[in-house]
Amino acid sequence: MFEQVFFSGLALGSIYGLVALGFTVIFKATDVFNFAQGMFVVCGAYLAVTAISILQLPFALAIVFIVVASALLGVLIHMTLIQPLLGRPMLSVIMLTIALSIALRALIEIMFGPQGRSLTTPLPTGVLMLGSVRISYLHLTAALVSWACMAGFGLFFRFTSVGLLMRASADSHEAAVVSGVNVNTMNRLAWAIGSTLAAVGGLFLGQLQIASTELEGIGLLALPAVVIGGMQSIPGAIVGGLLVGIIEQMAATYISPKSSDIVIYVLLLLILMVRPWGLFGQRELGRV
Amino acid sequence: MNTTTYSTATPKLGAWVWLLCWTSALVYLPTLLTERALFGMALSNTQLLNLGLTQINLMLISMLGALSLNYLTGCAGLISIGHAAFFATGAMAAAVFDTQLGWPFPCVLLACAVAGALVGTLAGLPSLRVRGLYFVLSTLAVHYVVTYVFLEYQFKFFDVVGIPYATPRIGDIEINTPVRWYAFLLPLVILVYLGLKASLQSREGLAMRAMRDHELAATSVGVDVRILRLKAFGLSSAIASVAGALFAYYLSNITSEAFNINFAIQFIAMIIIGGMGSLPGSLVGAAIWLLLPSIIAGLSPQSSEDAGFMGKLLVEHRAQLVQLIFSVMVIVFLIFAPSGVAGLGRSLKNRLDAWRQGL
Amino acid sequence: MSLVLDIQGLSVVYNRKGLALEDISLGVPKGGIVALLGANGAGKTTLIRAVTGLLDLHHGHIVAGQVRLSGVSVTGLPAHTLVRLGMGQVPEGRLVFKHLSVEDNLRVGAAVLPRAQVQDGLDAVYHLFPRLLERRAQAAGWMSGGEQQMLALGRAMIAKPKLLLVDELSLGLAPLIVLEIYKQLRVIGETLGTAMLVVEQNAHLALSFAQSAYVLNQGRVVLSGTAAEVAANPLMKSSYLGQARAAGESQA
């Protein structure tokens, strides 16, 4: 039983890790704490619904559609909303992303109705038995794809020249400008990546559960994940996501289903009081 | 020239006239809304912006929320997105002391204020350890913790339908009609407003604003920033707690769903649109939040059948449309008018003064 | 003689409050080394920012005048475009990428080069600054001030700029290190023919290094000429130390 819970936690945690990674990329690049990341997940789920159920695209094309559309969404949001607020106080930026999430939610509910939509894809369903542990193929696929995306991003970030320029921009905006880097382009790229990673998470969560705006709550678990893992740390985001996934499943199983949220937020409070820079982060207490 | 005497004499007279107009308007308002007529001349629903005394009363309660949040965030510089938690605290305290223990209403309110202050001070404790973004996250966590406690409380002592609240009474008078609620709430809001204004102009209030603007500088002048922060949190939460209790009494039944994160966000939206750090701005923000759904309801046709696209939208997705417009308003204000309506009002006033001086 | 950098009548405002620079005209000839001198607050950094497209970042605006790079008008262009057009910058305070390795720092600067030339560029910089080669895998944030300055210089040079703008090279560095770096700058100037505009507080050092100089005071050019002329000028000393103003006041 324990292994069962652990594995589901790990699978879900991989998806959380992906969403948290997207969040961290945005944060590292533009210093924006994107409260709308949860809605990006929802957008991904609904993009999947649009591509598969409405436009009836073949699955491979649907994936391309989702990736491109979510990337464009990220870029658009940076250009119209984030860039104008450069240098503004933190509450303004936080409130902007919160207002954005509300606007997106309202738009989606107007376009698709407040009820959720079921999402069916050619992804394998069914169950695999490993000893006494049942692992659904969907969970497994979600985990594998999430890890592939995270690894892919890691390789891109570390080894390509564009990745280097992104790291440079995140390190010091002004130094990057002085060195000839088009920092605006890097920021837009960061938002495109952040949005796309969340959308992939939404694709899986939409199928694991249902494509609805309620997924936002799950997407928002990326926030405690990045804090626990360490705010500007990429490995931290991934580990944080995994931990949140595992803890959530454990709490839901061994305490009560409704308690999982609260356990995570209490943990968040504890970390903030005891070790605010998280597991992998660096010691800079808060941003005044 | 007479200009100097002119400009010093009229402000006093002008202020008194202003005050008189407002007082008479506010006193007449309940009559206007209940009889739906202005001095005997009947007014249609649309002309009254679809407002009833019920909405006005809710607006007054939310003004308390906006004022307390603006005091905390705009004046003391402490960003909190967990404000709904203090409303929940008040509602819960009211349930304990009134519904369960049967205390008299005024005592219940006092107890709610104390409970709110306590929870607020606790919620402010992380500010001693972390700052900025981390602190905002701690307020989010506090929100989830408190609302969870409320949920558990509701399920343990009551049931899933919600917690009932008796009609409040002061002495022999029951507050059971909208007019009576109005008569109770309006002076309360004015009192809280004047109290907060006085607090901001006191020595501690000035220190608080110094702390908001430059913490390091404030510390170097000997201001104990940490104690001030906790005090601000305590006061703000006490007011919000009372507002939460009144909210519960007003609706006479509350479930934990009422205090979700959306509830907290509404207040932040109010103070952004109204103007952060501006007490009058809080009132304006709350008023706009009230008016918007009513206006939209007024604009929507009765049925969606022969209406156009907009009409269909207004009828079938009214709630979402309100959310959409409200959030877009916040975004527009954030980008183009960061000081809110209060800021716009100030620059308008400056321009008027400059124009008047040039005459 | 063609000018690599030609500034005509440049005026700059900060936050819409008063002129920080007024009617500046300045030229850097091809292969020339020009010093920009003046006391703190005279406007030297503002001028550099105006030329290198960094004014926006600091809430400034060009309100009049033209900047030409090798005859092409570049007034108000963003910084990253200017780098691609051949303007290298070594900003005040070094501004290295602290968490990236030395080599990665250089590679960022090399991003404007075609891929095939990147390795050659790296080799050239390592040849110029052997110490950077020793430290190539180290995080730049851990290096000494002098090494960081070399890194910033190398990062700017790797793209083979026509014009190098150096802002306050000597700040916070030991005198010996400063001399060593200026020697390297001279080598760069002689072998590669890179033109340079050097902002320097240490007027003595700058005038021994440069061919010509401009002196700024309160946002205006108050003196210009060859390095020797400027060094000999009595007004130079008073502009620099503000003695003219004090003398003037005592007379009033």
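Start where chains B and A meet: select the 33 residues of chain B and the 35 residues of chain A that form this contact. Keep in mind that this is a predicted model.

**Stop 1: the chain B side**

Colour three helices of chain B: α5 (132-157), α10 (261-274) and α13 (318-336). Each supplies at least two residues of the side that touches chain A. Which helix gives the largest share? Zoom in on α5(B), which contributes 11 residues. Now colour this side of chain B by residue class. You will find 23 nonpolar, 7 polar and 3 charged residues.

**Stop 2: all of chain B**

Show chain B as a cartoon. Its 359 residues include 14 helices and 6 strands. Buried residues make up 41% of the chain. Next, look at how chain B connects across its sequence. Take the contacts between residues at least 6 apart in sequence: 75% of those in chain B join residues at least 24 apart.

**Stop 3: chain A**

Hide chain B and select chain A. Here the secondary structure comes to 12 helices and 2 strands.

Orient chain A along its principal axes. Its C-alpha atoms fill a box of roughly 60 × 50 × 35 Å. How does the radius of gyration of chain A fit that of a compact globule, and why? A compact globule of 288 residues would have a value near 19 Å, and chain A has 18 Å, so the two agree.

Now look inside. Of the 288 residues of chain A, 56% count as buried. Among contacts in chain A between residues at least 6 apart in sequence, those that join residues at least 24 apart make up 73%.

**Stop 4: where chain A meets chain C**

Bring chain C into view. Select 15 residues from chain A and 22 residues from chain C to show this contact. On chain A, pick out α6 (161-171) and α7 (173-178), which each supply at least two residues of the side that touches chain C. The largest share belongs to α6(A), with 6 residues. Colour this side of chain A by class: 7 residues are nonpolar, 5 are polar and 3 are charged.

**Stop 5: the whole assembly**

Show every chain again. Which chains have the most contacts between them? Of the 2 pairs of chains that touch, A and B have the most.

Note on methods:
Residues numbered from 1 in each chain as written. Chains lettered and ligands numbered in written order. Predicted model: local features only at pLDDT ≥ 70, side-chain atom pairs only at ≥ 80, totals over all residues. Contact = placed C-beta atoms within 7 Å. Helix = DSSP H or I, 4+ residues; strand = E, 2+ residues; numbered from the N terminus. Nonpolar A, V, L, I, M, F, W, Y, C, P; charged D, E, K, R; others polar. Buried ≥ 20, exposed ≤ 12 C-beta atoms within 10 Å, placed from the backbone. Rg over C-alpha atoms; globule rule 2.2 N^0.38 Å.
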